[in-house]
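Please take me through this model in the viewer, one selection at a time. I would like to know what to pick next and what is found there.

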Amino acid sequence: MNPQFILWLTGSMAVFLSAATASRAYVSNNNLLMLVFSLGLYCVGNLMMVRLMREGGLGLAISASAIAQLLLINVIAFVVFGERLSNTQLAGVGLGVLAMGLMLMPAAERS
């Protein structure tokens with residue numbers, strides 16, 4: 001995995017996390033502009049994902065994005081919105097982190 005892939009993944013995660021936070025804010029206050037803003041951010045994030053798919057392949061790009069979002073959005077839900085997960089749900093997040101670590105390990109060369 002090259003540094004450019006990591007940079008694009010980081011950028012897309014920032015966009016997706018902003019979109020999810022804006023969606024949660026919309027749920028709290030029903031401001032239609034917040035919903036439109038959130039949807040716009042999701043569109044930008046998905047366009048960034050196209051670049052990631054070119055760099056790392058469909059499976060790696062989508063999997064890395066999903067697991068990073070899983071972890072980081074739970075941090076935002078906990079810190080910003082005061083939401084809590086059960087122990088079973090926390091174990092699931094932990095398995096996601098383990099899966100991400102395994103995916104980011106250098107792949108063995110194929111013959």
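**Whole chain**

Of the 111 residues in the chain, 23% are buried. The model is predicted. Switch to the C-alpha trace, which spans about 55 × 35 × 15 Å along its principal axes. With a surface displayed, the accessible area comes to about 7,300 Å², and carbon and sulfur atoms hold 69% of that area. Among contacts with a separation of 6 or more, 67% join residues 24 or more positions apart.

**Salt bridges**

Next, turn to the charged side chains; the whole structure contains two salt bridges.

Select Arg24 and Glu83. Their closest N and O atoms are 3.0 Å apart, and the two form a salt bridge. Arg24 sits in helix α1 (residues 3-29) and Glu83 in the loop between α3 (58-79) and α4 (87-104), so this pair ties together parts 59 residues apart in sequence. Colour by accessibility: Arg24 is partly exposed at 26% relative accessible area, and Glu83 is partly exposed at 35%.

Now move to helix α2, residues 32-56, and select Arg51 and Glu55, both of which lie in this helix. What do their side chains form? Arg51 and Glu55 meet in a salt bridge, with 3.4 Å from N to O. The two are four residues apart, about one turn of the helix. Arg51 is partly exposed, with 26% relative accessibility; Glu55 is also partly exposed, with a relative accessible area of 29%.

Methods:
Residues numbered from 1 in each chain as written. Predicted model: local features only at pLDDT ≥ 70, side-chain atom pairs only at ≥ 80, totals over all residues. Heavy atoms only, no water. Salt bridge = Lys/Arg side-chain N within 4 Å of Asp/Glu carboxyl O. Buried < 20%, exposed > 50% of the residue type's maximum accessible area, 1.4 Å probe, protein only. Contact = heavy atoms within 4.5 Å. Areas by Shrake-Rupley, 256 points an atom, 1.4 Å probe, with all protein chains shown as cover.
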